[in-house]
Amino acid sequence: MEVSKLLARVVDSARDWEATFGDYEPHPDTEIDEIRLGGVIDELLTRLGNSTPFFHPRYAGQMTRAPHPAAVVGYVAAMLLNPNNHDFAGGPATSQMEHEAVAELAAMFALPAHIGHLTSSGTIANLEALFVARQSHPGRGVAFSDDAHFTHERMCALLGMTAHRVPTDARGAMDLDAAAELVRTGAVGTIVLTAGTTGVGAIDPIVDALTLKQQYDVRLHVDAAYGGFFALLTHDDAETLEWDPTPWRAIGACDSVVVDPHKHGLQPYGCGAVLFADPAAARHYRHDSPYTRMFSGAPAHLGEISLECSRAGAAAAALWTTLQLIPLRREGLGRFLASTRRAALRFAHCVEESSELTLYQQPELDVVTYFPSTPRTISGVDAESGRMLAEGMAAAPAEAIYLSALQVDAAGFGGRGHRLDADTARGRILRSALMKPEQELCVDELVARIAALAPPAGRTVAGSGR
Ligand SMILES: *Cc1c(COP(=O)(O)O)cnc(C)c1O
């Protein structure tokens, strides 16, 4: 895709559109010196050279990638006009695109009805879900697992809701019996279930939680910020991708769900989404504003169902453009998800075959966790992991490999059968989110490069205890 040509086209189109409104006199104070501008852009580009290459297959760290070119073009085309998706007056075209894109997200989760909107991030989307939970179950707290995203605790504090931490099992999924006990005390009004934890990609027991919802007056919120798009994989994928579709099929029966198009949805940052199964959730957002015109007809304008006021119409345009090209179906974006899953399975296999690396646990989605095999103590694993992380990034650009670290505790190692001397309570291991289909094409090489950073098997290193 020739992005520069498409960008030139959307810039020209914006100028043509502006011209239809007629000429006006530019103010002399707003004039800029072209030479100075050129110099500033030079410096900007030089500074931006110091960025992390999220686009490259050798970036195998955090849950991030480059946006799809279609998203970039869609974003710029709209951004030049600066639509505001607070209301239909501010963003008539892009508000409609947002409604359509959100409806496609709701269809992906098979929500029978929905109300929802895009947000600036998964964190804000989860905040909105917890806000609605508080309004609908006043005075009751929120339960989430020890491995839930760290922002749930922060948002509970912000909302004045009591946070209840629930232990996880040996694969990092919520212990639902412990959650059920909390629900039975009446203290918990909402359970946050994570579909793909940020650390290891674990999937909380969503299907079983539905039984709790039937028995007790408890809300179920699914944090699928990272894992949500795996809903595009089907039952047919279960065997080849060693993957269980049932939790994703259960999301449609929960009360709310969050998904981040800026993670697996190919979008640039600034695009989360929250969806509520009950359109009546809109009542909790009711407010009166002297600045913005309120419409009473359906559909509600987006400012009526959002905690944020101004929001980038460009984010909606970017998502809408992408979904026209790569729809939310198995043969659309689902192909991207399937390839990342295959890459993770192959990566895990290669790690198991290597003598320098040990697999922390089997990957659930496309996040792989592993650590150097030689150290015998947690502090040794931590030190070597930290060194590998730094050395990988310090290499020349054409050689560098980018990983991320995950803090795990002694029980985490022990529960997964790793016998290490627990000389410290916790330590870092390595973590790779394989979010780019291109990584499927070079997994073996990636693992070989990482293994080459590890201390050779059999060699004594700090903390080897030998
Ligand atoms: C990334 C993530 C979040 C936070 O989303 P942001 O878009 O980074 O704010 C929340 N929950 C889970 C499970 C995530 O992976």
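Accessible area, as I use it here, comes from the Shrake-Rupley method with a 1.4 Å probe. On that basis I looked up the surface of this predicted model and noted that the chain exposes about 21,200 Å², of which carbon and sulfur atoms supply 54%.

I then turned to overall dimensions, and found that the C-alpha trace spans about 80 × 60 × 40 Å along its principal axes. Because a compact globule of 466 residues would have a radius of gyration near 23 Å, I take the 24 Å of the chain to agree with that expectation. I noted 15 helices and 11 strands, with 52% of the 466 residues counting as buried.

Next I looked at helix H4, residues 92-108, whose 17 residues should span 24 Å at 1.5 Å a residue, and I found its end C-alpha atoms 25 Å apart, which agrees. Its buried residues include Thr94, Glu98, His99, Val102 and Leu105, and among the elements that cover the buried residues of H4 I listed helix H3 (69-79), strand S1 (115-119) and helix H11 (313-325). After H4 comes Ala110, for which I noted a positive phi, near 55°.

Which residues have the most contacts inside the largest nonpolar core? I found Leu105, Phe109, Ile191, Phe229, Trp248 and Leu333, in a core of 61 residues.

Key:
Residues are numbered from 1 along each chain as its sequence is written. This is a predicted model: local features need pLDDT of at least 70, side-chain atom pairs count only at pLDDT 80 or more; totals for chains, interfaces and linings use all residues. Side-chain values use heavy atoms; hydrogens and water are left out. Helices (H or I, at least four residues) and strands (E, at least two) are DSSP runs, numbered from the N terminus. The expected span of a helix is 1.5 Å times one less than its number of residues. Buried means under 20% relative accessible area, exposed over 50%, partly exposed in between (1.4 Å probe, protein chains only). Contact means heavy atoms within 4.5 Å. A nonpolar core is a set of buried Ala, Val, Leu, Ile, Met, Phe, Trp, Tyr and Cys residues joined through side-chain atoms within 4.5 Å. The radius of gyration is taken over C-alpha atoms; the globule rule is 2.2 Å times the number of residues to the power 0.38.
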